[in-house]
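Student: I am new to this structure. Can we go through a few of its details, one at a time?

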Amino acid sequence: MFMINGDKPEKSKKKSACKSDSDESEPETKSSKTKKKTTANPASMFQAGTDKDKDKEKDKDKDKKGKKKSASKAEESEEEDSEVTQKKKKGKGKKGKKEERAPSPVIEFDNLEEFVLQPAQQGVTVKCRVTRDKRGMDRGLYPTYYLHLDNEKKVFLLAGRKRKKSTTSNYLISIDPTDLSRGGENFVGKLRSNLMGTKFTVFDNALHPDRALPDMSNARQELAAIIYETNVLGMKGPRRMTVIIPGMNEDSERVPIRPRSENDGLLIRFQNRHMENLIELHNKTPVWNEETASHVLNFAGRVTQASIKNFQIVHSKDQDYIVMQFGRVADDAFTLDYNYPLCAVQAFAIALSSFDGKIACE
């Protein structure tokens, strides 16, 4: 998916369902049916290529889809890992029984800054927990968000907080939970929005283009762009989002995107459909369930509460390969799982964007 050949990606991880009452997604209590299994290397979806390469890929995909239509019906999926009762929906603040959640695989690293900027290892889902801290004088308006590995050790990865007195929403991301300053040594990235709060750009911690060397070798990289589709009529429903990330080279390393100005950034390139070396992802569209009158998504038991913020990010070539999933498990706790080619900073920033108030999207 992320490379230029047309291979079909590996089959996705096990799933359990999540539903939403018009504008929310929550775990489903009945087993559902899985989609057709796919077999090939998902890394192929993310390799960087030219616009012409991508047009050829689209033609190949059309041929493959036509052949797939005659495939057999999908097998029944495993029973759900957890149930959400009506009490849980109505009783906010009440703690239910602890859900059995699959922990993150053993992940070890020597350098935290390097780890949070490196793409996830292929074939390994990095399972994390995001917590929101609203305590303190101004934490209601400017809460701090923390990202930990979802395992026994609860290893800290990142912290993020919205900057005060900024014209637009601007979140600093740090590898030190006690140091969230722009000039600190622990600053690893930031998330910046437009005035409407509907488009976001994720940067690393390198220099602004105006202060960088002429060859831009030490200039900051744009790691992602997130676009929320505006809802002009104010209709409620699952939010639509597009995520643009740099493609990967043949060594599975991120292609550096170092724009000299905003006019050459990820958002403008996407707007002008200049997609060379870029990958376009979308949130997975929930399926409407007539029985429950709700939208359904599969979260593999990792999400246990309804929220408009629940989402999964996928590539159009394989809806079963979950690049990232995010969803509520308690009032101020959320699951965040990500796969190759995302890194922790990209995934955390995408999650932070979903917390920001969007005037035109709700």
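Student: Is Met216 buried or exposed, and what is its relative accessible area?

Tutor: This is a predicted model. Buried means under 20% relative accessible area. Met216 falls under that cut-off, so it counts as buried, with a relative accessible area of 7%.

Student: Where is Met216, and what is its phi?

Tutor: Met216 sits in the loop between β8 (199-204) and β9 (222-228). Met216 is not a glycine, yet its phi is positive, at about 65°.

Student: Which loop holds Lys154?

Tutor: Lys154 is not a glycine either, and its phi is positive, about 50°. Its place in the chain is the loop between β4 (144-149) and β5 (156-162).

Student: Why does Lys154 count as partly exposed?

Tutor: Buried is under 20%, exposed is over 50%, and partly exposed is in between. Lys154 is partly exposed because its relative accessibility is 44%.

Student: Which residue does a cis peptide bond join to Tyr340?

Tutor: Omega is about 15° at this cis bond.

Student: How far does α5 reach from its first C-alpha to its last?

Tutor: Helix α5 covers residues 344-355, which is 12 residues. At 1.5 Å a residue, 16 Å is expected. The model comes close to that, at 17 Å.

Conventions:
Residues are numbered from 1 along each chain as its sequence is written. This is a predicted model: local features need pLDDT of at least 70, side-chain atom pairs count only at pLDDT 80 or more; totals for chains, interfaces and linings use all residues. Side-chain values use heavy atoms; hydrogens and water are left out. Helices (H or I, at least four residues) and strands (E, at least two) are DSSP runs, numbered from the N terminus. The expected span of a helix is 1.5 Å times one less than its number of residues. Buried means under 20% relative accessible area, exposed over 50%, partly exposed in between (1.4 Å probe, protein chains only).
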